[in-house]
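Here are my notes on this one, for when you have a moment with the viewer open.

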Amino acid sequence: MERSSDYGAFMEKFVLKPSSSSHELPLNGLTFAVKDIFDVNGFVTGFGNPDWARTHSAATSTAPAVLAILRGGATCVGKTVMDEMAYSLDGDNKHYGTPTNPCAPDRVPGGSSSGSAVAVGAKLVDFSLGTDTGGSVRVPASYCSILGFRPSHDAVSTAGVIPMAQSFDTVGWFARDPVILNRVGRILLQLPDVDLVRPRQIFIAEDCFQLSSIPNNRVSQVLVKSVEKLFGGDVVKHLILGDYVENKVPSLSHFISKEIKKQDYGIASLAALSSAMRLLQRYEFKNNHGEWVTTVKPDLGPGISERVWEAIQTTGESIGICYSVKAEIIATLTTLLEDFGILAIPTVPGSPPKLNTDPTTLEIFGAEASSLLSIAGLSGFCQVSIPLGMYNDVPVAISLLAKHGSDGFLLNVVETLYDTLQEQIAISE
């Protein structure tokens with residue numbers, strides 16, 4: 001395949017025409033691609049690994065999320081490369097190659113929806129579909145300097161999508177244009193067009209922004225100034241999220257170990273939140289794929305192989321406590337944000353890692369990122385990653401979260417804020 005022209009984003013190219021070519025349709029004339037985790041009738045769903053593709057037959061139906069987009073008027077142009085078994089946030093694949101990050105070619109593109117993000121970032125398609133369990137839309141969106149939306153858990157059908165861990169699996173999407181992001185969302189979420197509701201409060205999680213290696217004036221301050229300009233200064237509130245979570249989520253104490261407290265990076269309560277999420281993720285992954293992995297013994301790339309086999313050895317111990325943490329964090333953040341409240345955090349704690357970074361460094365960065373990503377992961381809240389331009393030649397992003405079911409509200413806020421954010425970025429530079 002000619003990697004240079006398509007940035008290594010595609011597994012295979014084909015054309016699926018929309019169900020109708022009416023000019024009235026909201027996605028008429030737009031093109032999209034889908035991650036190779038979605039069933040498309042007549043194609044093998046490859047799940048990022050040739051052994052998986054070899055041991056599975058072609059899909060006999062198409063995932064409802066893909067069908068909804070086709071009914072909305074868009075044309076599908078192919079399937080995109082993904083990290084093996086969706087078990088990485090880096091974006092590399094030893095079998096099919098690592099898609100090239102279009103805005104920072106010396107950096108990883110982020111995963112596991114790597115090809116879908118690269119296809120949008122490189123302007124090969126107007127938008128694309130991915131999945132996000134532990135961050136697989138939000139991370140590549142931030143690394144490729146595009147918009148990425150993880151919807152409320154269970155808000156978009158995951159039928160016809162290979163499961164990773166059902167407590168967290170979501171169908172997400174990427175776009176360069178906030179209007180297209182919103183239109184795609186309204187189709188997938190089956191939402192009517194509604195007018196913008198002014199955010200009641202926007203909480204800036206100060207401790208989370210202190211984790212970031214990017215200066216505050218290029219991240220949180222860009223947001224604060226934009227919000228003040230559009231909605232007024234009274235909307236902005238400041239919060240130490242780690243303390244708030246530690247006080248309100250008692251079951252986390254089980255995961256706040258001496259090891260976590262000894263770490264010189266991170267926020268103890270959010271690192272514990274990440275530990276609970278990753279344990280439940282491993283347990284559910286094993287239930288989904290343990291039998292296949294132990295029978296086939298697939299050839300898996302470095303890092304992914306270790307994670308997969310660690311998951312296969314997971315027992316049911318402490319799983320009940322994970323569910324308690326999940327229930328408590330949902331209640332805690334629902335009380336904080338209520339209707340029309342927003343939580344702002346960095347999408348990831350810094351710049352995308354360089355290609356061929358050693359696995360230990362990647363693991364530490366991944367753990368820090370996971371403490372931020374697990375907030376929406378465990379709560380099931382919707383989250384959008386918004387690009388904030390480049391800093392020292394690498395992309396910068398910020399994330400906004402809203403309570404479960406507030407997806408339409410959040411999509412409208414992004415569309416309204418976007419241009420003002422770009423103006424503030426130019427001023428801050």
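**Notes on the model**

1. Start with the annotation: an unreviewed UniProt entry places "domain: Amidase" at residues 22-177. Keep in mind that what we're looking at is a predicted model. In that model, the span 22-177 is 17% helix and 17% strand, and its end C-alpha atoms sit 22 Å apart.

2. Next, the sheet. It is open, has eleven strands with mixed pairing, and reads E1-E3-E2-E4-E6-E5-E10-E11-E9-E7-E8 in order. Strand E1 (10-16) and strand E8 (236-239) are the edges, each pairing on one side only. From one strand to the next, the twist averages 25°.

3. Strand E7 (residues 201-205) runs parallel to E8, and four bridges join the two. As a reminder, strands of a sheet pair through backbone hydrogen bonds, either parallel or antiparallel.

4. Now for the helices on the sheet. Helix H6 (residues 178-188) lies across strand E4 (127-132), E5, E6 and strand E10 (382-391), and it runs at about 155° to E6. Helix H14 (residues 359-379) also packs on the sheet, where it touches E5, strand E9 (341-346), E10 and strand E11 (394-402). The direction of H14 makes about 150° with that of E9.

5. Which residues of helix H12 (residues 304-312) are buried? They are Ile304, Arg307, Val308, Ala311 and Ile312. Looking down the axis of H12, these buried residues fall within an arc of 140°, so they line one face of the helix. As for partners, the buried residues of H12 pack against helix H11 (268-296) and H14.

6. Last, a loop residue. Val161 lies between strand E5 (147-150) and strand E6 (170-175). Is Val161 buried or exposed? Its relative accessible area is 13%, and because the cut-off for buried is under 20%, Val161 counts as buried. Leaving aside residues up to four places away in sequence, Val161 touches Ile37, Phe38, Ala63, Thr131 and Val171. Pro64 is worth a glance too: Val161 and Pro64 are 97 residues apart in sequence, yet 9.1 Å apart in space, C-alpha to C-alpha.

Key:
Residues numbered from 1 in each chain as written. Predicted model: local features only at pLDDT ≥ 70, side-chain atom pairs only at ≥ 80, totals over all residues. Heavy atoms only, no water. Buried < 20%, exposed > 50% of the residue type's maximum accessible area, 1.4 Å probe, protein only. Contact = heavy atoms within 4.5 Å. UniProt positions renumbered as here; feature names shortened; annotations may be inferred. Pairing = 2+ DSSP bridges. Axes fitted to C-alpha atoms, helices over the stretch in contact; angles between N-to-C directions. Arc of directions from axis to C-beta.
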